[in-house]
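Welcome! Please take a look at the sequence and the structure below, and then read on for a short tour.

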Amino acid sequence: MESLLRWGIEHSGNPDGSTSNPQPPADISKLDPGVIDIILGKSESVQMKEALAIALDETADEDARVVALDDFEMV
């Protein structure tokens, strides 16, 4: 099995037929964390904290509190 894997790696190449090594991955340290947060959304822990805060807020509407508890349960 190992020899088959080695053969596959040695004979794999680019779609154009060349066997040159691909470019190294881009440096991710230059990415803006704000943009990543917008793309990926809030983390589950943040969503849970926000939903629980609404659910425990006695001044909030009852429907909003029920929805918040449902959201908390789904996360």
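How many salt bridges does a search of the whole structure find? The search finds two salt bridges, a salt bridge being a side-chain nitrogen of Lys or Arg within 4 Å of a carboxyl oxygen of Asp or Glu. Before we visit them, a word on the model itself.

This is a predicted model, in which local features need pLDDT of at least 70 and side-chain atom pairs count only at pLDDT 80 or more, while totals for chains, interfaces and linings use all residues. Residues are numbered from 1 along each chain as its sequence is written, and side-chain values use heavy atoms, with hydrogens and water left out.

**The overall picture**

The chain has four helices and zero strands, and its pattern along the sequence reads α-α-α-α. Helices (H or I, at least four residues) and strands (E, at least two) are DSSP runs, numbered from the N terminus. Of the 75 residues in the chain, 4% are buried. Here, buried means under 20% relative accessible area, exposed means over 50%, and partly exposed is in between (1.4 Å probe, protein chains only). The chain exposes about 7,000 Å², and carbon and sulfur atoms supply 60% of that area. Accessible areas come from the Shrake-Rupley method with a 1.4 Å probe; for residues, only the protein chains shown count as cover.

**The two salt bridges**

Let us start with helix H1, which spans residues 2-11. Glu2 forms a salt bridge with Arg6, with the closest N and O atoms 3.0 Å apart. Because Glu2 and Arg6 are four residues apart in helix H1, about one helical turn separates them. The other bridge joins the side chains of Lys42 and Glu50, at 3.0 Å from N to O.

| Residue | Relative accessible area | Class |
|---|---|---|
| Glu2 | 58% | exposed |
| Arg6 | 44% | partly exposed |
| Glu50 | 36% | partly exposed |
| Ile39 | 67% | exposed |
| Ala53 | 47% | partly exposed |
| Met74 | 70% | exposed |

**A nonpolar patch**

Ile39 belongs to helix H2, residues 33-40. Ile28, Leu31, Val35, Ile36, Ile39 and Leu40 form a nonpolar patch on the surface, and together they have about 630 Å² of accessible area. Patches are made of residues with over 30% relative accessible area and no salt bridge; like charges are joined within 9 Å, and nonpolar side chains (Val, Leu, Ile, Met, Phe, Trp, Tyr) within 5 Å.

How do H3 and H4 pack? Helix H3 (residues 44-56) and helix H4 (residues 62-74) meet at an angle of about 150°, and their axes are 8 Å apart. H3 is therefore roughly antiparallel to H4. Axes are lines fitted to C-alpha atoms, for helices over the stretch in contact, and angles run from 0 to 180 degrees between N-to-C directions. Angles under 35 degrees count as roughly parallel, over 145 as roughly antiparallel, 65 to 115 as roughly perpendicular and the rest as oblique.

Ala53 sits in helix H3. Met74 is found in helix H4, and its C-alpha atom is 9.3 Å from that of Met48, 26 residues apart along the chain.
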